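Welcome! Take a moment to look over the sequence and the 3D structure, and then we will walk through them together.

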Amino acid sequence: MNFRFIYCLLFFLIGIASPGNSQLYINEILACNNTINYDPDFYNFSDWIEIYNAGPANIDLQNYYLSDDIDFPEKYRITSSLVVNAGGFILIWIDENDSANHTNFELRSAGEFIALYDPSLVLVDSLTYNKQHPDISYGRKPDGSANRVYFEEPTP
């Protein structure tokens, strides 16, 4: 039996069963940002993910993790306070710059897996996506739903 599949299934089920985690979503990604969103910190067009807080309370993402490797959930730890307001969104740059809201890895435009884990390394949300096209994002519509679409005009 494929242990990677069992591991993914287990984390998926834990994420569904845990009501405290179901309010944060990887809501939208742009894995091939050529001209859409300018990163003022590093003066370029970096890839990004948008996290949506569907819950009634603000959530600080400090000590949460992001990873593009199912076998290494602690790949990037958010080390500073990064608050997602209730009903709000936050943008995290996925660009290998490893500072503040910039991760230590990049998204692959050819497609891959991306996940958000809580401080206990419990899966909060994940997304597997296929090949992405320049300046077209992929995400949930409406916000927080299971329905995923391509956005010709990204909406971070």
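The protein chain holds 1 helix and 11 strands. Keep in mind as you explore that this is a predicted model.

**Overall layout**
- Of the 156 residues in the protein chain, 45% are buried.
- Take the contacts between residues at least 6 apart in sequence: 56% of them join residues at least 24 apart.
- The protein chain exposes about 7900 Å², and carbon and sulfur atoms supply 54% of that area.

**Salt bridges**
- Side chains of opposite charge can pair when their charged atoms come close.
- How many salt bridges does a search of the whole structure find? The search finds 3.

**Asp68 and Lys75**
- The side chains of Asp68 and Lys75 form a salt bridge, at 2.6 Å from N to O.
- Asp68 counts as buried because its relative accessibility is 10%, under the 20% cut-off.
- Lys75 is partly exposed, at 24%.

**Glu112 and Arg108**
- Glu112 and Arg108 also meet through their side chains in a salt bridge, with 2.9 Å from N to O.
- Buried or partly exposed: which is Arg108? Arg108 is partly exposed, with a relative accessible area of 48%, whereas Glu112 is buried at 7%.

**Arg140 and Asp125**
- A salt bridge joins the side chains of Arg140 and Asp125, 2.8 Å from N to O.
- This pair links distant parts of the chain, with Arg140 in strand 10 (residues 137-140) and Asp125 in strand 9 (residues 123-129), 15 residues apart.
- Arg140 counts as buried at 5% relative accessibility, and Asp125 counts as buried at 11%.

Terms used. Residues are numbered from 1 along each chain as its sequence is written. This is a predicted model: local features need pLDDT of at least 70, side-chain atom pairs count only at pLDDT 80 or more; totals for chains, interfaces and linings use all residues. Side-chain values use heavy atoms; hydrogens and water are left out. Helices (H or I, at least four residues) and strands (E, at least two) are DSSP runs, numbered from the N terminus. Buried means under 20% relative accessible area, exposed over 50%, partly exposed in between (1.4 Å probe, protein chains only). Contact means heavy atoms within 4.5 Å. Accessible areas come from the Shrake-Rupley method with a 1.4 Å probe; for residues, only the protein chains shown count as cover. A salt bridge is a side-chain nitrogen of Lys or Arg within 4 Å of a carboxyl oxygen of Asp or Glu.
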